Amino acid sequence: MKLPFGIVVCLSLLSAASEGAQSTWNFTNPGDRFEASSGSATLGYYDPSLNGWGPGATAFGAASAVGLPLIGGADTQVMAFPACAPDQGYRVTHGFAPNGTFGDTLGLVSNYTVVMDVLFPAASDGAWRSLVQTDTANVTDGDLFVQNTAGGGIGINSNYRGSIRPNTWHRIVWVMRAATGEGQAHRYIDGQFVGAIGTTGSGLDERFALGRDVLLFADENNDTRAGYVSSISILDRKLTYAEVVALGGPNAAGAEVAGAPTPPYAQLMARPVGALGHRGSSGCAPENTLAAIDRAFLDGAEGTEIDTRLTADGVVVVFHDATVDRTTDGTGNVADMTVAQLKTLDAGSWFSSDFAGERIPTLAEALTVAKGKGIIYLDIKTGGQAAGFAAAVSASGFPVADLWFWTPGNAAYAAEIRAAIPGAVIVWGAPDASWRTDPNYFANLRALGVAGFSYGFGGADLAFSARAKDEGMFVEVFTLLDPANIIAAAAAGVDYMETDFPNVMQALQPQQVAAASGPAP
């Protein structure tokens with residue numbers, strides 16, 4: 001993978017340019033191994049039983065002295081940690097100010113990043129290994145694990161990606177955005193994005209946010225193993241994709257410093273497929289904002305899906321939830337507020353201070369920003385928006401051929417939209433079984449203005465993709481969050497994929513000699 005132009009490869013420089021706090025431990029002070037190399041957070045033993053386990057079970061010294069591989073040819077100080085019992089672990093007291101979705105309501109740190117340069121010996125391979133535990137009483141399951149398979153990946157909730165090889169130094173980066181129903185975590189190994197966890201219906205809620213402390217290498221039921229860590233860094237913000245890619249692999253100088261360049265993906269998609277941002281490039285910018293929409297096109301997307309709702313004064317706005325609570329600094333129902341009221345809300349700070357002051361856009365504003373760049377695909381959250389759609393198209397001059405309307409199974413609403421906007425492109429949901437047997441199945445849908453199908457990635461089917469293409473229709477699937485699923489969906493013959501990470505899809509595209517399959521916008 002090539003680093004995007006202009007990325008600074010020293011994280012400390014990036015941190016200096018961004019708001020927030022960061023602390024790093026490199027274990028270099030013989031008089032106090034837990035002294036922070038930078039920042040004001042503290043690191044110590046988790047010892048609720050007061051049995052003094054820590055000094056006897058933890059060892060420090062040079063990697064070379066204990067027979068470990070060097071990092072990039074350089075020696076480094078390391079901390080050897082044991083397989084921690086439920087009353088053992090390492091406690092970080094971070095001192096971060098509350099932020100994100102649970103900042104104001106619960107006083108929690110919703111957005112944060114943990115960076116670790118770690119090595120697990122062969123004896124620890126093939127077992128569960130807890131890395132991060134937000135429950136400081138350690139009575140519930142940990143929150144980030146290495147999988148219990150040989151060279152297993154990292155993750156939680158049966159979602160593991162990548163590979164942590166034994167006797168190998170790896171840089172693991174865990175980027176968290178905790179939120180009710182829509183939380184998301186990003187995972188990287190040696191700078192390579194190996195997948196996100198969480199989209200609509202996500203369980204990455206307040207459990208994953210931080211209180212005053214966070215535990216490392218701890219778990220309530222002994223899912224831990226011995227290992228080594230050369231550096232740990234914790235930040236009170238989400239590192240961006242570009243920042244983590246720039247960090248690359250481990251470095252003997254510490255987790256704040258860029259190491260070996262991020263490796264390219266070993267496997268690419270077998271065929272080019274069009275990327276559609278999911279609520280814009282929502283893995284990199286606050287969803288459904290002009291910043292996220294613009295970012296999607298900059299990241300190489302052919303278009304982007306956005307959500308629409310109707311305000312109290314009858315204007316279509318770009319917003320996902322029924323209430324403004326999760327993604328703004330306000331509270332209440334979208335449908336009960338006027339555009340003027342919605343425009344007073346900050347729709348960016350919950351995601352990152354870098355987007356403070358971002359506003360909820362009207363559909364007309366979104367179409368104006370996107371005009372001439374590609375497809376806008378509307379996920380229509382409520383009925384009665386057809387007149388508002390027509391007004392937005394008229395105000396923006398957005399080409400109707402580039403505007404898709406998702407009306408799965410709702411022929412009446414499709415007809416209402418096409419009456420308001422002649423020639424509107426209708427996107428159906430998943431096909432029913434009759435597509436195989438009914439000779440009029442596709443013709444009947446064409447009569448409704450249906451140009452393609454959109455459904456969950458798990459239903460992707462090579463036979464249907466081929467038949468839809470023969471009928472002049474496209475297949476779009478949602479929502480892809482990791483390289484493995486993106487590669488699998490391409491193999492299933494789909495024409496477009498929704499993703500929070502169009503930038504990752506670009507990195508997985510094969511070398512193209514022709515445009516992506518599917519009808520031109």
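How many salt bridges does the count come to? In this predicted model the count comes to 20 salt bridges, a salt bridge being a side-chain nitrogen of Lys or Arg within 4 Å of a carboxyl oxygen of Asp or Glu. Local features need pLDDT of at least 70 and side-chain atom pairs count only at pLDDT 80 or more, whereas totals for chains, interfaces and linings use all residues. Residues are numbered from 1 along each chain as its sequence is written, and side-chain values use heavy atoms, with hydrogens and water left out.

**Whole chain**
- The C-alpha atoms of the protein chain fill a box of roughly 75 × 50 × 40 Å along the principal axes.

**Individual salt bridges**
- Arg237 pairs with Glu243, with the closest N and O atoms 3.0 Å apart, and both Arg237 and Glu243 are buried.
- Asp495 and Lys469 meet at 2.6 Å, N to O; this pair links distant parts of the chain, 26 residues apart.
- Within that pair, Asp495 is buried at a relative accessible area of 1%, while Lys469 is partly exposed at 37%.
- The side chains of Arg446 and Glu471 form a salt bridge of 3.2 Å, N to O, and Arg446 is partly exposed at 39%, as is Glu471 at 23%.

Conventions: Buried means under 20% relative accessible area, exposed over 50%, partly exposed in between (1.4 Å probe, protein chains only). Helices (H or I, at least four residues) and strands (E, at least two) are DSSP runs, numbered from the N terminus.
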